Amino acid sequence: MPVEGGSSSGSASAARHPKQKRKAHSLSIRRTNSTEERPPGILRGDMLEGQDSKLPISLRNNLLDLFGQIEREFENLYIENIELRREIDSLNERLTGDGQTIEGGDPTKGALKTKASHSTSQLSQKLKTTYKASTSKIVSSFKATAGSRALCQLLKEYVGHRDGIWDLSVTRTQPVVLGTASADHSALLWSIETGKCLLRYAGHAGSVNSIKFHPTEQMALTASGDQTAHIWRYMVQLPAPQPPPDVSAPCDDDQDSSDREEGEVDGEGPCEVPTVRLATATLKSHQGVVIAADWLVGGRQVVTASWDRAANLYELETSELVHTLTGHDQELTHCCTHPTQRLVVTSSRDTTFRLWDFRDPSIHSVNVFQGHTDTVTSAVFTVGDNVVSGSDDRTVKVWDLKNMRSPIATIRTDSAVNRISVSANQRIIALPHDNRQVRLFDMSGVRLARLPRSNRMGHRRMVCCTAWNEENQSCNLFTCGFDRQAIGWNINIPALLQEK
C-alpha cells in the first residue's frame, strides 16, 4: 500500500507497510533466453539467413527463443504421451491375460476378475484424461494470449512519475483527462490521447495515495501519507491530437524495458508542466496515513479512510468533520462511494469490509461483511445493486446489496488482488494483481480476457489499480503500477462479450 513519506524508491520502501515490503521486494523477475539446444556455432540471427523479413534482428531473435520454448514444451508433451500410451497398452494386456486365466476356473474368482477389470479400466481412463488435460491446457494458453492481444490493444503509456503510482482516476467532466497519484509526493494530470502530462499537483508532503475527481466541477481530491486529504482546482487545455506512429519503423534501441535502470524516465518530466502547490481545502482530522478518499453523490461531502482505523466524513463547503466512522480493528485500505446513493463502503486489513448507510439523515446504519481470510484491499460499488470486494487472499467476491449474507459469485486467482474497478456500462471487473497481470471478469465470475504483457508491453512491477473510461462510444481501461507508469488500453467490448 502507499507510504507515508520519502520521495525516492529507497525511502518509500523503508517507510512502506510490512505487507508492501514483501510486495516490493518480490516483484523483480529476470528473464533469460535459453540457448541450450541451439547447434554449436549457429547464432540466432544466422538461423534466419536468407529469409525475407523486415523485422529487427532483436525481435527475430526473441521470436526464435519463444518458438524454441514452445517446441520444447510440445516435445515434452509428446514424450509424456508416448509413455502414457505404453502404460495403457501394458494395462490392457494384463487385463486380457487375467481374463484368459480366470475363464473356466473357480467361479468365486469371477468377482475378482470384475473388480480387477473395473480398477484397471479406471486407471486407464485416468491416464487418458491426464494426457488430454495437459495437452489442452498448453494449447488453450496459447490461444488465450493471442485472443487477448486482439481484444485488448495498447492505447498509450503515461510516464513521468519518479516513484510508484498507487492510484489513478478519469475525470467525469470535460475535458476528460487521466489523473495519477504517486509515492513521489505528486499527482499528475494527463492527456489521454497524446500521453502528455498537463499539470502537476505538489501540495502534499507525503506519498499521494489516491485521486478522485468531482462529479461536476474541475476539482480533484487527493489523500496522502502526510495524514491529510487535499481538495484542489485545476484548469488544463488538451493538446492537439498527434498522428499515429509508424509501427513498421524499427525501434530506436533494443533495450529490454524490464532491464531499465530505476532512474530512467521517458517522456516529459513533471518539472516541465504547470504546477499547483496550494490546496483549496485541507482535511486534517486523521492521526495516521490517509490511504483513500472519495466524493459522495452530489459532490457536497467527502469521505476519507486512514491507517488510524477510522473513516471521516467532511462537508465540502466548510471542510468541517461531520462524522467519524469507527469499528474496524485494523488499518483501513480503501473507501468507495455509491454513484447514485448516499452509501459508503470501507475495507480493512482486519479481513472485513463495512457498508455505511447515510440515506436517512437521522439513522447511520452499518453492516459488517466477513467474506475474506486476508486483507480486503478494496471494495467498490457497481451501478446496480452490487458490491465487488478484492483481497490479498487471492479472491474477488461479488455481493448483492439486498442480500449480503453470502457472495453471489467468487473469483479465485493465483495472486493477491489490489484496487479493482468495474465498468459502468458493461459491468466488467478489472483485477490488478501483485504478479503484474491484469485480468477481466464478468459479474458472474467468468473470465473474459487477460491484458497482454511482454518485455515491451505491460507492467514490470505489481499493478496497483485499474480505472475505466467509457466515453465517446469507446471503452478504455487504465492501469498503474509500482513501475512508475500508467498504461491505457482500448478494450474491444463486443468481441470480448462474443468470446464469452
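L59 is partly exposed, at a relative accessible area of 37%, where partly exposed lies between buried (under 20%) and exposed (over 50%), for a 1.4 Å probe and protein chains only. The residue is found in helix α3, residues 57–102; helices (H or I, at least four residues) and strands (E, at least two) are DSSP runs numbered from the N terminus. This is a predicted model, in which local features need pLDDT of at least 70 and side-chain atom pairs count only at pLDDT 80 or more, while totals for chains, interfaces and linings use all residues. Residues are numbered from 1 along each chain as its sequence is written, and side-chain values use heavy atoms, without hydrogens and water.

Together with L55, L63, L66 and F67, L59 makes a nonpolar surface patch of about 420 Å². Members of such a patch have over 30% relative accessible area and no salt bridge, and nonpolar side chains (Val, Leu, Ile, Met, Phe, Trp, Tyr) are joined within 5 Å. A salt bridge is a side-chain nitrogen of Lys or Arg within 4 Å of a carboxyl oxygen of Asp or Glu. Areas follow the Shrake-Rupley method with a 1.4 Å probe.

In soluble globular proteins, nonpolar side chains tend to be buried together. Here the largest nonpolar core has 25 residues, and F353, F381, V387, V388, M404, I429 and L431 have the most contacts inside it. Such a core joins buried Ala, Val, Leu, Ile, Met, Phe, Trp, Tyr and Cys residues through side-chain atoms within 4.5 Å. Strands supplying at least two residues each include β16 (343–348), β19 (376–381) and β24 (429–432); the largest share, four residues, comes from β19. Another core, of 21 residues, lies apart and has V170, V176, C465 and F482 among its members.

H334, in strand β15 (residues 332–337), counts as buried at 8% relative accessibility. Beyond neighbours within four places in sequence, its contacts (heavy atoms within 4.5 Å) include I291, V345, T377 and R419. H334 and V376 are 42 residues apart in sequence, yet 8.5 Å apart in space, C-alpha to C-alpha.

Strand β4 (residues 187–191) has five of its five residues buried, with A187, L189 and S191 on one side and L188 and W190 on the other. Strand β3 (residues 177–182) runs antiparallel to β4 and is joined to it by five bridges; pairing requires at least two DSSP bridges. A181 stands opposite A187. On β5 (residues 197–201), which pairs antiparallel with β4 over four bridges, C197 is the bridge partner of W190.

Conventions
Patch = residues over 30% accessible without salt bridge, like charges linked within 9 Å, V, L, I, M, F, W, Y side chains within 5 Å.
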